[in-house]
Number of protein chains: 2
Amino acid sequence: MQLSLHSDYALRILMALAAKGERLSVDDVARQYGISRNHLAKVAQELQSQGFVSTTRGRRGGMELAQKPEDIRVGDVVRRFENLDGFVSCFGDNASGCAVNGVCGLKPALSGALEAFLDHLDGYRLSDLVPNRKRFLARLVA
Amino acid sequence: MQLSLHSDYALRILMALAAKGERLSVDDVARQYGISRNHLAKVAQELQSQGFVSTTRGRRGGMELAQKPEDIRVGDVVRRFENLDGFVSCFGDNASGCAVNGVCGLKPALSGALEAFLDHLDGYRLSDLVPNRKRFLARLVA
């Protein structure tokens with residue numbers, strides 16, 4: 001069980017933007033974390049289409065937060081970036097592939113557990129993930 | 001984010017044993033669910049070493065539950081079969097690989113969310129996953 005790189009990168013971009021407090025390019029963020037630019041660019045596009053960041057094109061372009069860090073719930077980011085329909089093979093449209101589909105109590109137990117997971121994350125805002133912006137930025141720039 | 005096949009198969013073996021109420025071989029269980037015998041055999045060994053099942057060798061051998069279905073907490077099974085140290089790259093021993101390790105608030109947020117996930121599953125016993133043994137068995141035998 002692993003958080004997808006998709007969510008991981010989404011959260012990293014948002015944290016970098018929250019720490020910086022101004023525009024950053026995908027190249028900047030990729031370099032700062034030492035992670036793949038291509039994957040990060042796809043996640044940045046998705047962050048824009050989900051309304052978490054706004055993007056400006058051009059030489060001085062880049063991303064910036066479209067909402068205040070205090071207003072972005074961590075659970076909402078994970079909800080939109082994790083594919084929870086694939087959490088077990090009986091979630092989503094593949095349920096009929098399992099012999100015990102409909103007579104097994106695992107599905108509601110796991111659904112509830114995932115809700116509890118996301119509910120817990122809803123107790124955190126993006127601002128909570130960057131408790132000290134200066135120290136966070138110092139690490140990114142280094 | 002997906003439950004590992006390891007946990008999935010562990011739960012399936014335990015559910016089949018709870019429904020049957022007597023000994024089953026790995027071959028039986030693999031055939032009944034239509035899943036890989038080799039992978040299932042490894043999981044069965046692990047279920048034995050973790051004390052969930054006991055195994056008898058020989059022609060009429062097989063696995064049976066080492067505890068009552070009412071006494072096996074689903075959270076405990078998942079805890080022992082999921083590798084949660086790898087949930088994100090900063091868990092476990094790889095934390096130093098991340099630029100913002102120590103100044104980022106994501107790790108405690110995710111740790112707490114995983115606890116909430118497991119706590120929720122602790123509210124279910126193996127017996128809850130097989131609410132109707134006859135109907136469950138009918139599907140397996142079919």
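Two strands are taken to pair if DSSP finds at least two bridges between them, and the elements themselves are DSSP runs, with helices (H or I) of at least four residues and strands (E) of at least two, numbered from the N terminus. The model is predicted, so that local features need pLDDT of at least 70 and side-chain atom pairs count only at pLDDT 80 or more, while totals for chains, interfaces and linings use all residues. Residues are numbered from 1 along each chain as its sequence is written, and chains are lettered from A and ligands numbered from 1 in the order in which they are written.

The two strands of chain A form a hairpin with five residues between them, and Gly58(A) in the turn has a positive phi of about 105°. In chain B, strands β1 (residues 53–56) and β2 (residues 62–65) are likewise antiparallel and joined by four bridges, with Thr56(B) opposite Gly62(B). Five residues again separate the strands of this hairpin, where Gly58(B) in the turn has a positive phi of about 100°.

**Overall layout of chain A**

Chain A holds seven helices and two strands, arranged along the sequence in the pattern α-α-α-β-β-α-α-α-α. Its C-alpha atoms fill a box of roughly 55 × 30 × 25 Å along the principal axes. Buried residues account for 39% of the 142 residues in chain A; a residue is buried if 20 or more other C-beta atoms lie within 10 Å of its own, exposed if 12 or fewer, and partly exposed in between, with the C-beta atoms placed from the backbone. Among contacts in chain A between residues at least 6 apart in sequence, 64% join residues at least 24 apart, where a contact requires that the C-beta atoms, placed from the backbone, lie within 7 Å.

**How the two chains meet**

The same surface serves both copies, since 100% of the contact residues of chain A recur in chain B.

The contact takes 42 residues from chain A and 42 residues from chain B. On the side of chain A that touches chain B, the elements giving two or more residues are α1 (5–20), α2 (26–33), α5 (106–122), α6 (126–129) and α7 (133–141) of chain A, and the largest share, 11 residues, comes from α5(A). The residues of that side divide into 27 nonpolar, nine polar and six charged, with Ala, Val, Leu, Ile, Met, Phe, Trp, Tyr, Cys and Pro counted as nonpolar, Asp, Glu, Lys and Arg as charged, and the others, Gly among them, as polar.

**Helix α5 in both chains**

| Helix | Residues | Span, first to last C-alpha | Expected span |
|---|---|---|---|
| α5(A) | 17 residues | 24 Å | 24 Å |
| α5(B) | 17 residues | 24 Å | 24 Å |

The expected span is 1.5 Å times one less than the number of residues. The buried residues of α5(A) are Leu106(A), Leu110(A), Ala113(A), Leu114(A), Ala116(A), Phe117(A), His120(A) and Leu121(A). They cover an arc of only 155° around the axis, which puts them on the same side of α5(A); the arc is that of the directions from the helix axis to the C-beta atoms. Their cover includes α4 (74–81) of chain A together with α1, α5 and α6 (126–129) of chain B.

**Two buried alanines of chain B**

Ala113(B) lies in helix α5 of chain B and counts as buried because 24 C-beta neighbours fall inside 10 Å. Leaving aside neighbours within four places in sequence, Ala113(B) is in contact with Phe117(A), His120(A) and Leu121(A).

Ala18(B) is placed in helix α1 (residues 5–20) of chain B and is buried, with 21 other C-beta atoms within 10 Å. Beyond neighbours within four places in sequence, Ala18(B) is in contact with Leu65(B), Pro69(B), Leu126(B), Ser127(B) and Val130(B).
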